[in-house]
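Keep the sequence at hand while reading.

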Amino acid sequence: MMVIVLDNSKTRVVVGMSGGVDSSVTALLLKQQGYDVVGVFMKNWDDTDENGVCTATTDYEDVAKVAAEIGIPYYAINFEKEYWDRVFQYFLAEYKAGRTPNPDVMCNKEIKFKAFLDYAEELDADYIAMGHYAQLTTDENGVRHMLRGADANKDQTYFLSQLSQAQLAKSMFPIGGMQKPAVRALAEQYGLATAHKKDSTGICFIGERNFKQFLSTYLPAQPGKMMTVDGEEKGTHDGLMYYTIGQRSGLGIGGNSENSEPWFVIGKDLEANVLYVGQGYNNPALMATSLDASGMNFFTGAAPAQDFHCTAKFRYRQKDTGVTVHLDGDQATIEFDEPVRAITPGQAVVLYDGEECLGGGTIDVAYNDARVLQYV
Ligand SMILES: Nc1ncnc2c1ncn2[C@@H]1O[C@H](COP(=O)(O)OP(=O)(O)OP(=O)(O)O)[C@@H](O)[C@H]1O
């Protein structure tokens, strides 16, 4: 019997270490598998507060502790300029255009799997590894495929939907086949300093903010009229960028006694600076039957066909809906098997075939039977 012993020691893997538990365990597993592991912490945003305190400093200290516990070298790299130019400018431009951007999707495409990958290659990395909940497989032709993370609650393929085949070929997701509680248990078992650390929340790298205040420091707010689609004035809004399709308008225009259903944002007219609102969570004006998307990306480098049926997610925390995709270059028209609430321009539409994530694009316009919704 021939026994093949894999020698991973010649394969250098640079791990993106955030100072969180997922990337700590990512580094631990690779080290246990005998890889030549290097940890790298990125600083992408200056979050120093008025007291001179910055969470990046604490996070980097945690990276240092974990690297010492595992026994790997580690470095820090600053991508504030790259993040500002390639992610934050897009983020602001989208809000300015009345859309709701997804900075995590852009950050993965431009920073974690581009600027970071370039830097890792300068460190002679064969691969980069991240603590994302997603799985990669390689078919008989050497083509990489993306699968949902095994923990359905944590699956992050939605945010990875703009990565190319070349980026996947250089990436590893060692915890993608694990459940989150098992990741924490492993961190505890090995006494890692991050074992009990809370998961990060808020805007990618920028963190938890008072969103209105944060955005208003970069974009001037332009208050305007709030109206129903029938043209009835309902008050004023603080600036279109503060509202997302489907959110409760929260502007104190409660219903009267015979009809007290809450009001929701159903659309924006950027030119007229009008916010459209409608009553009822499932207001028909919020229910879409199809959408147009651009920037369609397929991980394998090719779509399954020009027209095909699969499932899709239109926001991160949402179950899949059956859809029919019609492609035209990197644009797509996507028809839904059943109406979907609050399709939001600027967010990603991500396609799945069972457990496989095929890729995705950016939502531009939503329709209800050929009628344009949302006026954006
Ligand atoms: N500041 C950073 N420096 C290096 N890599 C990072 C950084 N922030 C995030 N990453 C990488 O991206 C992955 C996914 O980031 P995300 O913000 O979703 O964190 P997470 O799932 O809470 O993971 P973690 O528990 O490792 O923070 C991380 O596991 C890590 O590999």
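The buried residues of helix H6 pack against helix H1 (21-32). Contact here means heavy atoms within 4.5 Å. Buried means under 20% relative accessible area, exposed over 50%, and partly exposed in between, with a 1.4 Å probe and protein chains only. Helices (H or I, at least four residues) and strands (E, at least two) are DSSP runs, numbered from the N terminus.

This is a predicted model: local features need pLDDT of at least 70, side-chain atom pairs count only at pLDDT 80 or more, and totals for chains, interfaces and linings use all residues. Residues are numbered from 1 along each chain as its sequence is written, and side-chain values use heavy atoms, with hydrogens and water left out.

H6 spans residues 180-189, and Lys180, Val183, Leu186 and Ala187 are buried there. Seen down the axis of H6, these buried residues fall within an arc of 120°, so they line one face of the helix. The arc is that of the directions from the helix axis to the C-beta atoms. Pro181 and Gln189 are exposed, on the face turned away from the buried side of H6. Just after H6, Gly191 has a positive phi of about 60°.

Now the cores. A nonpolar core is a set of buried Ala, Val, Leu, Ile, Met, Phe, Trp, Tyr and Cys residues joined through side-chain atoms within 4.5 Å. The largest has 56 residues, and Phe91 and Met146 have the most contacts inside it. Elements that give two or more residues to this core include helix H3 (80-96), helix H4 (103-122), helix H7 (211-216) and strand E16 (348-353). H4 gives the most, with nine residues. What does Phe91 touch, not counting residues up to four places away in sequence? The list is Pro101, Pro103, Ile203, Phe211, Phe214 and Leu215. A second, separate core has 29 residues, among them Ala27, Val37, Ile70 and Ile72.

Next comes the ligand. A polar side-chain atom of Ser18 lies 2.6 Å from a ligand oxygen atom. An N or O atom in the side chain of Gln156 is 2.9 Å from an oxygen atom of the ligand. Met17 uses a backbone N or O atom, 3.3 Å from a ligand nitrogen atom.

Last, the annotated region. An unreviewed UniProt entry marks residues 290-363 as "domain: tRNA-specific 2-thiouridylase MnmA-like C-terminal". Such annotations may be inferred rather than shown by experiment. Over residues 290-363 the chain is 0% helix and 66% strand. The end C-alpha atoms of this stretch are 10 Å apart.

Note on methods:
A polar contact is a pair of N or O atoms within 3.5 Å; within protein, one must be able to donate a hydrogen and the other to accept it, and residues adjacent in sequence count only if both atoms are side-chain atoms.
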